[in-house]
Amino acid sequence: MEPLALAGGPKVRQTPWVSEFQGVEDIGQEEKDRILGVLDKKRIFRYLARGYEESEAYQLEQEYKELTGCRYALAMNSGTSALISALIGLGVGPGDEVIVPAFAWIATVSAVLEVNAVPVLCEMDASLTLDPADLERKLTPRTKAVIAVHMRGISCDMDPILEIARRHDIVVLEDTAQANGGTYKGRALGSLGAAGCFSLQQYKIVTSGEGGIMVTDDEIVWQRAALYHDCGRNPFHFHELKVPTFAGQNYRITELQAALCLGQMERMQQIITNMRTQKQQIVQGLSGIPGIGMSSVFGTERDLGVSAVFMLPDAQTAVQFREALEAEGIPCGVVYSPGQQNLHIYPFWDFLMDKRDAWGKGHPWSSGMYAGDVQYSRDMCPQTLDLLGRSIQIRLNQYVRQQDTEDLVTAVAKVADHILK
Ligand SMILES: Cc1ncc(COP(=O)(O)O)c(C=O)c1O
């Protein structure tokens, strides 16, 4: 057995690992032409009174309707804006509790607080997504919604989530920011719940730097979200407004963002096909290594392959393993390390843990409209912390090739041979 690189042995991999980004790596002529086209047209604002259907943003919404099969789509300036507008659209607000997985992104929980609702944390399971059994335990008479977050390109187990939601009459909002283009049992992510939100930020599968999309089949949800995203104004003059107006924000997308994303949409399926193929090979290679744990969901339809994650027997071993694997030339991280901030994990959502608002008034928990008494603590979701504390993550993208997957598997097998004895 060759010594570990950490102990002076030869490194498995000498060349740099692939980029941490996906869609942005493919920006090319298509995107450039589309951006220049917008500048040439001198139409950089979406809602001009005329030629509405010629706008890039409108075209982008058509693409998302087609991708998801939903009747309505609304493009916005970020995934966070999309989540907030969707919650408003769904009627979630003061007095309501919203169940959010303990592994998400800080924006998911912020969005809930922005609509004056109270987040209730729920464990994730080994799939890295919301644990349906814990969802059921976290329901109260005040639960209005659950946000199913499709983390790291992996879709939540939507069947049990939808079944629980139906039984308890709560709405499901899909946070599809990290799983753009994914499917669950052949159905597009974002289309399974009452509404779905996508992010187009730089780290995402397709990107416009910043941007977001909400999709829904419900005209009222769409109209309420549309009002909210445009200062309480009805931006769609040709549609009869079926809801009363109320104050909103300015979450409008620019034509430049929309054009860039339209270019990226042409690449989406190829990016996903490449990532899925490589991920299947990685999962196959890693599953033969004793001591390396993986969810049965990894490498299946439910996994877009944006990262390789595997679990070790305990957190201490994971720390040692990470150091040794990095030394072999495979950049990686332990997903949860207590001293290392990772805003995907709830103990680092300080304002939530401390029930802190922008004004020092403990809103919305202190609001007279909230009848519950939810408590937070940094150890309240032990299953999530245990799993993430034992999880090693390696970033992947569409440019992972066979040599890369072989290096990855060889390096993990070598480190496992030394450390997991
Ligand atoms: C799970 C999740 N939800 C929401 C968001 C928010 O998206 P954005 O950064 O576009 O506001 C992100 C991305 O950053 C995310 O990863």
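I took two strands to be paired if DSSP finds at least two bridges between them. The model I examined is predicted.

**Entry: strand 9**

I looked up the partners of strand 9. Strand 8 (residues 195-199) is joined to strand 9 by 5 bridges, and the two run antiparallel. Strand 1 (residues 72-76) is likewise antiparallel to strand 9, with 5 bridges between them. I then followed Val 215 of strand 9: Val 215 is the bridge partner of Ala 73, and Val 215 is also the bridge partner of Gly 196.

Next I checked burial. I found 5 of the 5 residues of strand 9 (residues 212-216) buried, so this strand is largely enclosed by the rest of the structure. In a regular strand, side chains alternate between the two faces of the sheet. I noted that Ile 213 and Val 215 point one way, while Gly 212, Met 214 and Thr 216 point the other, and that all are buried.

**Entry: strands 10, 11 and 12**

I traced an open sheet of 3 strands in the order 10-12-11, with antiparallel pairing. Strand 10 (307-311) and strand 11 (333-334) stand at the edges with a single partner strand each, so one side of each has no neighbour in the sheet. Between strand 10 and strand 12 (residues 391-395) I recorded 5 bridges. Met 311 stands opposite Ser 391 of strand 12.

Note on methods
Residues numbered from 1 in each chain as written. Predicted model: local features only at pLDDT ≥ 70, side-chain atom pairs only at ≥ 80, totals over all residues. Buried ≥ 20, exposed ≤ 12 C-beta atoms within 10 Å, placed from the backbone. Helix = DSSP H or I, 4+ residues; strand = E, 2+ residues; numbered from the N terminus.
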